[in-house]
Amino acid sequence: MSRGPTTADAVQLDLFEGRQGTGEARSGRDRRAAKASDPRSGSWPAFTRALAETLAVLDGKQFLILERKPPGAYVQVAAQDDGGLRIEAASNHYLQGDERLDRARIRRLRQLGWLAPTHAPDTPKKTRRARKGSPNYYRDLTGEVDYGEAAGLLVATLREVYKVSRPSRLAYKAFDAKDRVILLPTLGIDPEPVSAERPEPPAQCRPKSPDELRAAVLAALKKWTGKPDLALDDDGTLTLTRNDGVSVHIGVGKETPVVDLFSTVLRGAEARLDLLEALNEINNKRRFVALTVLDSHIVACVSVDALPFVPEMVTRAVSHLADTVAATGNELRRRFAGVIAFEGEPATKPDTTPEAVN
């Protein structure tokens, strides 16, 4: 696994978070709790949660390296095409001086579950392929990956083996198979310095008004769908419908630079306690899409920050939201009855005003 990109292209990959209605006030306790959960606060638990969310949205052949500052000991992640993860922790092949692992720290690596290195970095390629291991300590996480557990292992390794005192002592490097840099601002730590020669991608912009943001969103969706005739409705929104019938409604906030996405999962659902508990359980597992009940409809929501506006953030959010709706619709109907929106007549756009949400 390469330890860094060499080309000049850059993209930004942000996490998608469901948001509550704008009419809801927050108490002092809520604000303090929000600050404690912010990875930028220097909290290891907050950073671990942010890392788990980041791992969950990495696509196949995308890579993430967390390295102690100044550059030294590191852990790294390679997302696989099948949804699994290869994770690695630096071995003495790549460590020098005081950073080299002694017997106690090697023992701790093994106790944490890491597999020992299988070969040296200069081992012939044919031999490396046959051994299917790594010059580093490594694990292959397959099947239904527990991203929280994976993040916990990486953080425990950084703290207990490589003696990183706090998240701010880390820098990250993320890139894809084409060596394009990926920016992950929600990790709450600094990226490794990027050369000044790397230009900002032309598709990225900083809209100065809702109208400019709507125009940027529309242009991005036209390019993504290959449909140049797409147009906004009178209220400035747009609806995309997939071949499987899932509809995603896309709108731009009037006061804040946010792109809001909504999709109806189930119609005719009674807001019973067991249904609300089931939605909370799904929300805790999926993290990036929030499911809620609006006027007897179960609606999935995602909000994407759009300053700066990065087209890939919106298109990935649309795809992720639609996949979530398709995956949860049948499960919810089996448990709570109702009509799956994308199997019947086209779903109408939900009322997402603060009054309706609250």
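Contact here means heavy atoms within 4.5 Å. What follows is a predicted model, where local features need pLDDT of at least 70 and side-chain atom pairs count only at pLDDT 80 or more, while totals for chains, interfaces and linings use all residues. Residues are numbered from 1 along each chain as its sequence is written, and side-chain values use heavy atoms, leaving out hydrogens and water.

**View 1. The whole protein, to get your bearings.** The protein has nine helices and 14 strands; helices (H or I, at least four residues) and strands (E, at least two) are DSSP runs, numbered from the N terminus. Of its 358 residues, 45% are buried, with buried meaning under 20% relative accessible area, exposed over 50%, and partly exposed in between (1.4 Å probe, protein chains only). Take the contacts between residues at least 6 apart in sequence: 65% of them join residues at least 24 apart.

**View 2. Leu66 and the largest nonpolar core.** A nonpolar core is a set of buried Ala, Val, Leu, Ile, Met, Phe, Trp, Tyr and Cys residues joined through side-chain atoms within 4.5 Å. The largest one has 46 residues, and Leu51, Leu55, Leu64, Leu66 and Tyr162 have the most contacts inside it. Helices H2 (44–57), H3 (103–112) and H5 are among the elements that each supply at least two residues of this core, and so are strands E2 (62–68), E3 (74–79), E4 (85–89), E5 (137–141) and E6. H5 gives the largest share, eight residues. Zoom in on Leu66 and, leaving aside residues up to four places away in sequence, you'll find it touching Phe47, Leu51, Ala73, Tyr74, Val75, Leu158, Ala171, Tyr172, Leu187 and Ile189. Another core, of 38 residues, lies apart from the largest one, and its members include Leu266, Phe309, Ala322 and Leu332. In soluble globular proteins, nonpolar side chains tend to be buried together.

**View 3. Strand E2 and its two partners.** Seven of the seven residues of E2 are buried, so the strand is largely enclosed by the rest of the structure. In a regular strand the side chains alternate between the two faces of the sheet. For E2, one side carries Gln62, Leu64, Leu66 and Arg68 and the other Phe63, Ile65 and Glu67, all of them buried. Two strands pair if DSSP finds at least two bridges between them. E2 runs antiparallel to E6, joined by seven bridges, and Gln62 has Asp176 of E6 as its bridge partner. E2 also pairs with E3, again antiparallel, over five bridges, with Ile65 opposite Gln76. E2 and E3 make a hairpin, with five residues between them.

**View 4. Helices H3 and H5, side by side.** These two helices pack at an angle of about 165 degrees with their axes 10 Å apart; axes are lines fitted to C-alpha atoms, for helices over the stretch in contact, and angles run from 0 to 180 degrees between N-to-C directions. H3 and H5 are therefore roughly antiparallel, a label for angles over 145 degrees. Arg105, Arg108, Leu109 and Leu112 of H3 meet Leu153, Ala156, Thr157, Glu160 and Val161 of H5.

**View 5. Two loop residues with positive phi.** Lys163 isn't a glycine, yet its phi is positive, near 60 degrees. Lys163 sits in the loop between helix H5 (147–161) and strand E6 (170–176), and is exposed, with a relative accessible area of 52%. Asp179, also not a glycine, has a positive phi of about 60 degrees. Its loop runs between E6 and strand E7 (181–183), and at 19% relative accessibility Asp179 counts as buried.

Technical notes: Parallel < 35°, antiparallel > 145°, perpendicular 65-115°, else oblique.
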